[in-house]
Protein chains: 2
Amino acid sequence: MSKKCANHPITLRQFQAADGFWKEKMELVRIEVIPYQWEILNDRVEGASPSFCMRNFKTAGKLMREKKEKGAAFQEPVYTFRGFEALPEDMEHLEDRFYGYVFQDSDFSKWIEAAAYSLASHPDLELEKTADEAIDIVCAAQMENGYLDTYYIINGMDKSLTNLKDNHELYCLGHLIEGAAAYYEATGKDKLLKTAMKFADYIDSRFGPQEGKCKGYPGHEIAEMALVRLYEVTGEERYLNLARFFIDERGKQPYYWDSEEGAEKKEGERYQYHQAHRPVREQDEAVGHAVRAVYLYSGMADVANQTGDETLKEACRRLWNSIVREKMYITGAIGATHIGESFSFPFDLPNNLAYAETCASIGLIFFAERMLEMEPDAAYADIMELALYNSVLSGMALDGKSFFYVNPLEVLPEACHKDERKFHVKPVRQKWFGCACCPPNLARLISSIPSYAFTENEDTLYMHLAMSGTVQKQVSEKTAAFQIESGMPWNGKVSIAFTGKEPVSMKLAVRIPGWCGSWQIQGAEDFCCSQDKGYYYIEGMWEAGCRVLFDFEMKPRFYQADDRVRDDIGKIAVKKGPVVYCAEEADNGKNLHLFRVLASQPIEETETEIQNQKLPALYVAAEKKTAVKETGQLYTEYEKPVYEKARLKMIPYFAWANRGENEMAVWFYEGE
Amino acid sequence: MSKKCANHPITLRQFQAADGFWKEKMELVRIEVIPYQWEILNDRVEGASPSFCMRNFKTAGKLMREKKEKGAAFQEPVYTFRGFEALPEDMEHLEDRFYGYVFQDSDFSKWIEAAAYSLASHPDLELEKTADEAIDIVCAAQMENGYLDTYYIINGMDKSLTNLKDNHELYCLGHLIEGAAAYYEATGKDKLLKTAMKFADYIDSRFGPQEGKCKGYPGHEIAEMALVRLYEVTGEERYLNLARFFIDERGKQPYYWDSEEGAEKKEGERYQYHQAHRPVREQDEAVGHAVRAVYLYSGMADVANQTGDETLKEACRRLWNSIVREKMYITGAIGATHIGESFSFPFDLPNNLAYAETCASIGLIFFAERMLEMEPDAAYADIMELALYNSVLSGMALDGKSFFYVNPLEVLPEACHKDERKFHVKPVRQKWFGCACCPPNLARLISSIPSYAFTENEDTLYMHLAMSGTVQKQVSEKTAAFQIESGMPWNGKVSIAFTGKEPVSMKLAVRIPGWCGSWQIQGAEDFCCSQDKGYYYIEGMWEAGCRVLFDFEMKPRFYQADDRVRDDIGKIAVKKGPVVYCAEEADNGKNLHLFRVLASQPIEETETEIQNQKLPALYVAAEKKTAVKETGQLYTEYEKPVYEKARLKMIPYFAWANRGENEMAVWFYEGE
């Protein structure tokens with residue numbers, strides 16, 4: 001009953017990872033992150049902020065049992081406002097109340113989604129048992145009518161769906177669907193899927209174009225893309241229609257949210273934060289909360305892909321370009337200001353004030369993947385790869401045990417401690433956050449990375465990211481299989497060998513990375529080859545013995561930003577392939593700002609070891625300003641500065657801050 | 001009965017300004033600013049935030065009358081909290097309540113102080129009549145016991161003096177004293193002075209080391225320096241003692257404020273914002289709210305100067321150095337962050353995020369003047385002059401009709417409108433503010449500028465700033481007089497002619513500006529001359545015909561910042577004499593960040609006209625990065641940038657933003 005788009009991601013069951021970069025990360029998530037998160041969800045990690053998530057489901061479940069038992073005698077809770085985050089006064093004596101953020105339910109959904117992906121790639125009976133038990137607890141909290149958000153179930157349903165702007169019922173629905181669909185696809189078990197459908201059906205009964213139904217839409221987007229996914233999994237068109245309804249209503253005037261209680265009617269920029277300032281088809285600049293934005297754009301692309309809506313596709317393309325041409329850091333990070341965790345104005349990309357939230361880059365990857373479904377163009381995959389290897393991976397420590405929300409491109413630890421403007425920038429990763437969005441988002445992305453690496457249509461397998469492992473594809477009745485050995489992201493050698501049992505006539509489309517100056521291919525002589533929008537299409541009869549070898553030139557290169565990025569003017573960054581490099585105090589001493597990079601000189605490749613991991617590193621020719629004599633004067637008459645020869649050791653950006661608190665910088669002034 | 005320090009400022013009656021730079025500014029304040037402020041105090045300026053200041057005094061005065069009339073039947077208002085700023089719900093129907101900020105009374109005090117200085121230099125019967133009437137209104141509001149803060153008189157006295165940390169009773173006292181002393185000195189009228197003394201006596205009866213008295217101190221400093229001034233004017237030691245008490249108690253543990261209602265006990269940095277985190281003699285870093293800080297340090301210096309307290313003097317020197325060696329912009333601006341309008345950590349001086357409040361630089365001038373009383377050292381006067389000609393003057397438009405709170409060193413108007421991190425930075429001056437501190441502070445400083453330009457002791461007249469005009473000095477029974485013709489700040493030629501009626505034996509000490517590379521003097525051949533700490537002492541018998549001519553070399557020069565100022569690394573600024581220059585979009589087009597200055601080439605001097613005023617300007621050799629071809633890519637492989645020859649037109653920093661909204665920058669990258 002699958003309603004997938006013509007171009008769609010492969011399922012995780014189609015890919016078996018082999019040793020290499022991504023398998024290692026996936027294993028880290030499987031072994032470290034998912035079990036740790038489960039402990040967090042159950043408030044069992046000392047020193048970490050409690051989630052209260054499973055506790056809330058149990059409290060709601062207890063209420064549901066009582067309701068069933070008492071029947072008409074059951075007294076419904078009457079809504080009491082508990083704030084955006086309700087913390088207990090006394091951790092020792094918790095009551096049967098709701099605790100945590102209004103969106104706390106989504107912690108479970110993100111976890112089950114990550115667990116599902118992990119199970120799909122790597123069966124694990126114990127994890128599946130834990131997951132099944134968790135699902136039982138969650139499903140028991142559902143109301144008879146299908147509603148399932150413990151915030152209102154516990155606090156009082158009389159106010160449910162009355163504050164769509166700030167509260168997160170539709171957001172929780174979205175995450176629940178994502179988790180349920182993933183678990184269903186991984187295990188075939190549909191208990192959670194049915195629960196999610198029932199909740200979606202309830203929402204569908206309340207929202208829609210029909211008279212008398214609510215014309216609202218989510219304050220934090222995600223339901224849009226989740227509902228499309230539910231449509232794809234179940235084939236039920238009402239979910240697609242509901243997603244489209246949310247997309248279509250958004251930003252219409254008069255604003256729906258103006259009718260909600262406590263609506264703050266800021267003229268001019270009203271609802272920009274939520275991307276609801278104007279109808280989505282009229283939006284052409286990425287604005288507001290960056291995570292919300294890319295979740296919305298992903299949902300728009302999903303709906304456009306399913307419906308063929310050209311104006312919606314155009315809006316997606318415009319918003320994509322607004323991000324990648326005007327509002328993205330070189331690391332693929334987005335959201336330049338911590339105020340509202342938002343996009344700033346075009347080309348305002350300060351390195352040391354950046355918000356650059358891990359989740360926003362993850363959302364950018366969601367958006368990129370959907371644009372690839374819309375139209376295979378390596379430009380989308382280039383950005384997907386960039387964000388993945390840099391601003392996303394930097395969100396997690398090399399040991400998978402601590403996390404960044406914020407991924408700045410320049411850090412002076414003293415500033416993070418003493419300058420309130422930079423308090424959002426942390427010089428070291430943290431164990432866990434009260435608002436746990438980034439770590440579980442990282443977990444669900446990394447465990448499902450193969451479905452971003454490959455998409456397929458009837459007769460074509462697209463390889464957007466070269467990952468080592470075996471990928472399978474059904475073509476009519478036949479099963480093609482390719483064994484891939486990839487040096488990515490450290491070198492550009494990629495071997496693709498056909499390992500299917502019988503010959504298959506199909507196309508393999510391999511992305512030519514945008515960062516690659518020249519490249520070579522061997523072994524495709526007998527195929528019909530062509531190149532289009534950054535993909536190399538190898539068409540013909542694939543059979544045992546077929547093996548193509550790509551060699552994408554990958555050498556470290558200097559990069560510059562568009563002149564309009566004031567923070568980067570006169571500065572240079574270093575990338576090798578998709579990986580951005582940075583320099584740290586640990587390798588180069590304090591006062592990184594005194595270095596200037598000499599772009600005319602070659603970059604030397606080397607290795608380094610961080611937390612017992614061997615990593616590539618670079619030596620970049622540089623010069624360092626010699627200390628000026630201490631005059632006791634802050635400003636002195638200009639003297640031509642003196643530089644001494646130096647070199648900068650640079651490491652992959654994602655590996656920064658794994659050696660304690662220290663200075664870091666991506667961009668360096670250009671020397672002469 | 002004067003108790004002035006050995007070294008003290010001249011009175012304004014000793015100086016008569018002649019045509020020149022400062023007379024013009026003083027006239028602007030007299031003709032434009034003071035009358036405008038009076039209208040503001042009376043809520044008569046359309047489009048400007050109402051002050052409510054005189055209204056509050058009238059309301060309190062009415063209460064006082066009622067109290068007298070009704071006697072025991074009078075019902076005291078019982079305190080109701082009205083917030084830090086109490087605005088009327090309906091501007092059309094104001095009640096007999098307190099409106100405005102808790103410190104609104106000080107608006108009057110600052111105005112009367114400015115008016116007094118103006119009257120001292122320039123008698124004006126109409127202004128004096130207005131001032132006398134205003135004084136009548138204010139004095140009528142005083143309680144029988146001497147208390148005079150309309151916030152509590154109107155809102156309820158039962159809570160008076162219970163929130164010293166946040167409310168501003170002692171601050172209002174301080175400003176009242178400053179205004180009253182100035183008016184007494186200017187006019188000889190003592191009505192307001194007596195009122196201020198009565199209020200001070202009431203506070204003195206409530207605070208002090210004696211058992212049973214309150215051990216608190218001001219949340220916003222100024223009373224300290226004001227009380228020393230009251231001591232100087234009246235000779236009453238209790239005022240000096242009270243000032244010393246406030247200084248001595250400040251920051252002692254346990255913290256007095258902890259005992260106040262609603263005290264927020266932030267560990268670690270508790271009360272840093274108020275400079276009350278530790279005893280003042282143990283402070284060595286300028287921290288917290290910058291205006292509060294320099295007001296405190298000024299009071300500390302006053303007390304130290306009067307008492308000879310060496311540990312207090314040492315603290316003043318340390319704090320002075322902390323500011324000028326680590327926390328001051330090249331314009332003399334201080335307070336690098338808008339968060340708490342505060343100092344940031346050492347060397348954190350971002351140009352485009354600066355707070356750099358006009359009032360903070362004014363306070364720095366207060367502090368500098370007191371350090372000059374402590375020890376004549378041109379280093380203090382250099383900073384006083386720097387702040388005056390740059391960050392202070394930039395607070396006022398050339399026409400005296402609009403004002404800046406914030407004086408950034410780099411502005412991109414788009415950022416001020418779209419990036420909330422820079423919302424405090426305004427690209428154009430504003431007419432008036434609800435919190436009217438900077439405009440009246442500017443008025444009182446500029447009208448009293450001669451008392452900063454000259455200090456004296458028994459036999460020496462110090463000239464810190466060369467202003468055109470005639471200055472008199474009493475030496476024993478004789479009156480010395482000097483006619484000064486000064487080219488400052490535009491050229492370094494200063495002529496000083498003795499114009500006294502009889503010969504006087506004395507020393508004239510002329511500051512050799514720190515910015516001056518070489519200098520010459522003529523006409524001092526018959527005197528005994530010496531040089532010490534930046535002053536040139538000319539000692540001997542001054543008589544008719546004596547005339548010395550100084551020629552301080554003043555040419556435009558390039559400056560650099562200490563390497564630790566990360567925001568200025570690789571950058572150059574331009575100063576000529578005490579005046580910092582900046583470049584504006586109006587002269588140089590958009591995208592000032594694309595310019596690099598060529599420091600090896602000469603600077604050309606020219607003139608410009610802004611708002612019908614002729615002003616010096618400079619042409620600086622530069623190169624401008626040629627626009628990179630549009631690729632649609634935000635980041636591209638590095639290409640050696642191409643620069644085209646250009647020149648930057650630069651104008652005095654204080655004159656920026658007088659031609660509408662546009663880009664501005666003080667610091668430019670250095671070209672090759």
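Mentor: Helices (H or I, at least four residues) and strands (E, at least two) are DSSP runs, numbered from the N terminus. With that naming, Pro254(A) is found in the loop between helix H9 (237-249) and helix H10 (290-307) of chain A, and a cis peptide bond with omega of about -5° joins Gln253(A) to Pro254(A). This is a predicted model, in which local features need pLDDT of at least 70 and side-chain atom pairs count only at pLDDT 80 or more, while totals for chains, interfaces and linings use all residues. Residues are numbered from 1 along each chain as its sequence is written, chains are lettered from A and ligands numbered from 1 in the order in which they are written, and side-chain values use heavy atoms, with hydrogens and water left out.

Trainee: Where is Pro489(A) found, and what is omega for the cis peptide bond that joins Met488(A) and Pro489(A)?

Mentor: Pro489(A) is found in the loop between strand E9 (478-486) and strand E10 (493-498) of chain A, and omega for the bond from Met488(A) is about 0°.

Trainee: How many salt bridges are counted between chain A and chain B?

Mentor: The count between the two chains is eight, and one salt bridge between side chains joins Asp563(B) to Lys625(A) at 2.8 Å, N to O.

Trainee: What is the area that chain A and chain B bury between them?

Mentor: Buried area is the accessible area (1.4 Å probe) that two parts lose on being put together, summed over both. For chain A and chain B this comes to about 5,500 Å², 53% of it on carbon and sulfur atoms. With contact meaning heavy atoms within 4.5 Å, 65 residues from chain A and 65 residues from chain B take part.

Trainee: How do you know that E22(A) and strand E16 (residues 556-561) of chain B pair?

Mentor: Two strands pair if DSSP finds at least two bridges between them. E22(A) and E16(B) are joined over three bridges in the antiparallel sense, so they meet that requirement. Along this pairing, Thr636(A) stands opposite Gln560(B) in E16(B).

Trainee: Which strands form the open sheet in chain B, and in what order?

Mentor: Six strands form it in the order E1-E6-E7-E11-E14-E13, with mixed pairing. The edge strands are E1 (8-9) and E13 (528-532) of chain B, and each pairs on one side only. Strand E11 (residues 504-511) and strand E14 (residues 535-542) of chain B run antiparallel and are joined by eight bridges, with Val504(B) opposite Trp542(B) in E14(B).

Trainee: What sets Asp43(A) apart in its backbone?

Mentor: Asp43(A) has a positive phi of about 60° although it is not a glycine, and Asp43(A) lies in the loop between helix H1 (21-41) and helix H2 (53-70) of chain A.

Note on methods
Salt bridge = Lys/Arg side-chain N within 4 Å of Asp/Glu carboxyl O.
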